[in-house]
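This report describes one structure for a reader who has not seen it before. The sequence and the coordinates come first, and the description follows.

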Amino acid sequence: MVNRITRYEPDYPLPESAYVPGINARPTTSLEGESPARLLRIGVDLFHHGFYWEAHEAWEACWIAAGRTGAMGDLLKGLIHLAASGVKARQGSTHGVQAHAEKACLAWSELREDLDLASLSELTEQVRKVCQTPKRFLCDSQENVVVVFDIRIELARG
């Protein structure tokens, strides 16, 4: 299934392994010099392929570039929490999965526009399912990369 996911930034190389604190070594990657729009797209690609820490890093850099405020700041803050939920799933933390998924939904709760997403309401609905059944997403696999979410983040084209 993972190989069929269309990438937004196919020229950006995916890491060899996903960083999971307490499980493996943190890889050295640099997002320096990437535009905020490209960071958003890179983050989506990383998330879809099971690189949750790395997606978090891309979205955090984008969030900082966006000034950490306003509608775009809230969208990115929610994405950062969603990625953190994926890291917690890899760490086997039910509480962490649920808490970060809830924080993502909370960050998006006041947004009245999709911004750069095709549908924020569809994404929010997918994340609410994580909040309701966090144990379903736990993963104790020691494999380098594991996709724990079937969540699809669709970006607006245009």
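## Helix α2 and its surroundings

The buried residues of α2 pack against α1 (36-48) and α3 (70-91). The model is a predicted one, in which local features need pLDDT of at least 70, side-chain atom pairs count only at pLDDT 80 or more, and totals for chains, interfaces and linings use all residues. Residues are numbered from 1 along each chain as its sequence is written, and side-chain values use heavy atoms, with hydrogens and water left out. Helices are DSSP runs (H or I, at least four residues), numbered from the N terminus. Buried means under 20% relative accessible area, exposed over 50%, and partly exposed in between, with a 1.4 Å probe and protein chains only. Contact means heavy atoms within 4.5 Å.

Helix α2 covers residues 52-65, which is 14 residues. From its first C-alpha to its last, α2 reaches 20 Å, close to the 20 Å expected at 1.5 Å a residue; the expected span is 1.5 Å times one less than the number of residues. Its buried residues are Tyr52, Glu54, Ala55, His56, Ala58, Trp59, Cys62 and Trp63. Ala61, also in helix α2, is partly exposed, with a relative accessible area of 29%. Ala61 and Glu34 are 27 residues apart in sequence, and their C-alpha atoms are 9.1 Å apart in space.

## Positive phi values in the loops

Most residues other than glycine have a negative phi. After α2 comes Gly67, with a positive phi near 85°. Arg68, in the loop between α2 and α3, is a residue other than glycine with a positive phi, near 60°. Arg68 counts as partly exposed, at 47% relative accessibility.

Leu115 is found in the loop between α4 and α5. Its phi is positive and near 60°, in a residue other than glycine. Leu115 has a relative accessible area of 25% and is partly exposed.

## Helices α3 and α4

Two packed helices are described by the angle between their axes and the distance between the axes. Here the axes are lines fitted to C-alpha atoms, for helices over the stretch in contact, and angles run from 0 to 180 degrees between N-to-C directions. The axes of α3 and helix α4 (residues 94-108) come within 8 Å and cross at roughly 170°. The two helices are therefore roughly antiparallel to each other, the word used for angles over 145 degrees, while under 35 counts as roughly parallel, 65 to 115 as roughly perpendicular and the rest as oblique. On the α3 side, the contact is made by residues including Asp74, Leu75, Gly78, Leu82 and Ala89. On the α4 side, those taking part include Gly96, Val97, His100, Ala104 and Trp108. The residues of this contact divide into 10 nonpolar, 5 polar and 4 charged. Ala, Val, Leu, Ile, Met, Phe, Trp, Tyr, Cys and Pro count as nonpolar, Asp, Glu, Lys and Arg as charged, and the others, Gly among them, as polar.

The end C-alpha atoms of α4 are 22 Å apart, which agrees with the 21 Å that its 15 residues should span at 1.5 Å a residue. The buried residues of α4 are Gly96, Val97, Ala99, His100, Ala101, Ala104, Cys105, Ala107 and Trp108. What covers them includes α3 and α5.

## Side chains that reach the backbone

Asp45 lies in helix α1 and is buried, with a relative accessible area of 2%. Its side chain reaches the backbone nitrogen of Glu9 at 2.7 Å. Apart from neighbours within four places in sequence, Asp45 is in contact with Thr6, Arg7, Tyr8, Glu9, Pro10 and Leu14.

Asn24 lies in the segment before α1 and is partly exposed, at a relative accessible area of 22%. A polar atom of the Asn24 side chain lies 2.7 Å from the backbone oxygen of Ala18, and the side chain of Asn24 reaches the backbone nitrogen of Val20 at 2.8 Å. Asn24 and Gln142 are 118 residues apart in sequence and 8.8 Å apart in space, C-alpha to C-alpha. Ser141 lies in the segment after α5 (120-132) and is buried, with a relative accessible area of 18%. A polar atom of its side chain lies 3.1 Å from the backbone nitrogen of Glu143.

Methods. A polar contact is a pair of N or O atoms within 3.5 Å; within protein, one must be able to donate a hydrogen and the other to accept it, and residues adjacent in sequence count only if both atoms are side-chain atoms.
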